[in-house]
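I opened the model and kept notes as I went. The entries follow in the order I looked things up.

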Amino acid sequence: MTLKTGIRALFLILATVAVLGGCSRRQPIYRVTDQPIPAVSRDLPAAALQRTIMEAATDRGWSAEWKAPGEILATKAWKDHEAVVEIRYSQESYTIDHVSTTNLREHGETVHQAYNKLVRALQDEIERRLRQAKH
């Protein structure tokens with residue numbers, strides 16, 4: 001192997017690693033679909049359920065606005081990034097639907113892993129608060 005061939009091979013290996021490393025940050029969009037409401041919160045009044053979910057979102061740094069009965073629009077913005085989700089809920093379950101992202105490498109059904117981490121943290125906080133909700 002000549003020096004020139006060795007350098008070319010090394011360059012190809014480094015280029016491949018760089019490309020694969022960048023791709024690993026994109027993942028399928030995480031979706032929460034019909035997540036059951038914990039039994040202790042199923043008989044909460046609609047207003048208390050809405051308040052609990054909105055407080056969970058705001059405590060995680062999302063801005064949450066009431067959209068319609070059983071629907072909340074939540075937005076998380078930082079630096080030049082933004083994630084927008086719609087939270088639909090009933091006495092039985094809730095869903096966190098992807099709406100849009102800005103500067104999070106969204107392409108088709110994939111997005112930067114930061115989006116998925118944010119949505120999972122939001123889901124965890126909603127679950128935690130619903131398990132502790134008081135009537």
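How many residues does H2 have, and what does it reach from its first C-alpha to its last? I counted 14 residues and got a reach of 20 Å, close to the 20 Å expected at 1.5 Å a residue. I keep in mind that this is a predicted model.

**Entry: helix H2.** I listed the buried residues of H2: Ala48, Leu49, Thr52, Ile53, Met54, Ala56 and Ala57. Residues three or four places apart on an α-helix point the same way, because there are 3.6 residues a turn. I then asked what covers the buried residues of H2. The cover includes strand E3 (63–68), E4, E5 and H3. Gly61 follows H2, and I read a positive phi for Gly61, near 90°.

**Entry: the sheet.** I traced an open sheet of five strands. Its order is E2-E6-E5-E4-E3, and the pairing is antiparallel. Which strands stand at the edges? Strand E2 (32–36) and E3 do; each has a single partner strand, so one side of each has no neighbour in the sheet. From one strand to the next, I get an average twist of 20°. E4 and E5 pair in the antiparallel sense, and I found eight bridges for them. I looked up Glu71 as well: its bridge partner in E5 is Arg88. H2 packs on this sheet and touches E3, E4 and E5. The direction of H2 makes about 150° with that of E3.

**Entry: helix H3.** I turned to H3 next. H3 has 20 residues and reaches 29 Å from first C-alpha to last, close to the 28 Å expected at 1.5 Å a residue. H3 lies across E2, E4, E5 and E6, and I get about 155° between H3 and E6. Among the buried residues of H3 I noted Tyr115, Val119, Leu122, Ile126 and Leu130. The list also includes Asn116, Gln123, Glu127 and Arg129.

I stopped at Glu125, which sits in H3. Is Glu125 buried or exposed? Glu125 counts as buried because its relative accessibility is 8%, below the 20% cut-off. Leaving aside neighbours within four places in sequence, I find Glu125 in contact with Ala56 and Arg60.

**Entry: the core.** I looked up the largest nonpolar core and found 29 residues in it. Val85, Ile87, Ile96 and Ile126 have the most contacts inside this core. Helix H2 (46–59), strand E4 (71–78), strand E5 (81–89), strand E6 (93–102) and helix H3 (113–132) each supply at least two of its residues. Beyond four places in sequence, Val85 touches residues including Trp62, Ile72, Ala74, Ile96, Val99, Tyr115, Val119 and Leu122. Asp97 and His98 are also among the residues Val85 touches.

**Entry: phi values.** Most residues other than glycine have a negative phi. Lys79 has a positive phi, near 45°. Lys79 is in the loop between E4 and E5, and I call Lys79 exposed because its relative accessible area is 83%. Arg105 has a positive phi too, near 50°. Arg105 is in the loop between E6 and strand E7 (110–112). Its relative accessible area is 44%, so I put Arg105 down as partly exposed.

**Entry: after H3.** Lys134 lies in the segment after H3. I list Lys134 as exposed, at a relative accessible area of 69%. How far apart are the C-alpha atoms of Lys134 and Val40? I get 8.6 Å, for residues 94 apart along the chain.

Key
Residues are numbered from 1 along each chain as its sequence is written. This is a predicted model: local features need pLDDT of at least 70, side-chain atom pairs count only at pLDDT 80 or more; totals for chains, interfaces and linings use all residues. Side-chain values use heavy atoms; hydrogens and water are left out. A nonpolar core is a set of buried Ala, Val, Leu, Ile, Met, Phe, Trp, Tyr and Cys residues joined through side-chain atoms within 4.5 Å. Buried means under 20% relative accessible area, exposed over 50%, partly exposed in between (1.4 Å probe, protein chains only). Helices (H or I, at least four residues) and strands (E, at least two) are DSSP runs, numbered from the N terminus. Contact means heavy atoms within 4.5 Å. The expected span of a helix is 1.5 Å times one less than its number of residues. Two strands pair if DSSP finds at least two bridges between them. Axes are lines fitted to C-alpha atoms, for helices over the stretch in contact, and angles run from 0 to 180 degrees between N-to-C directions.
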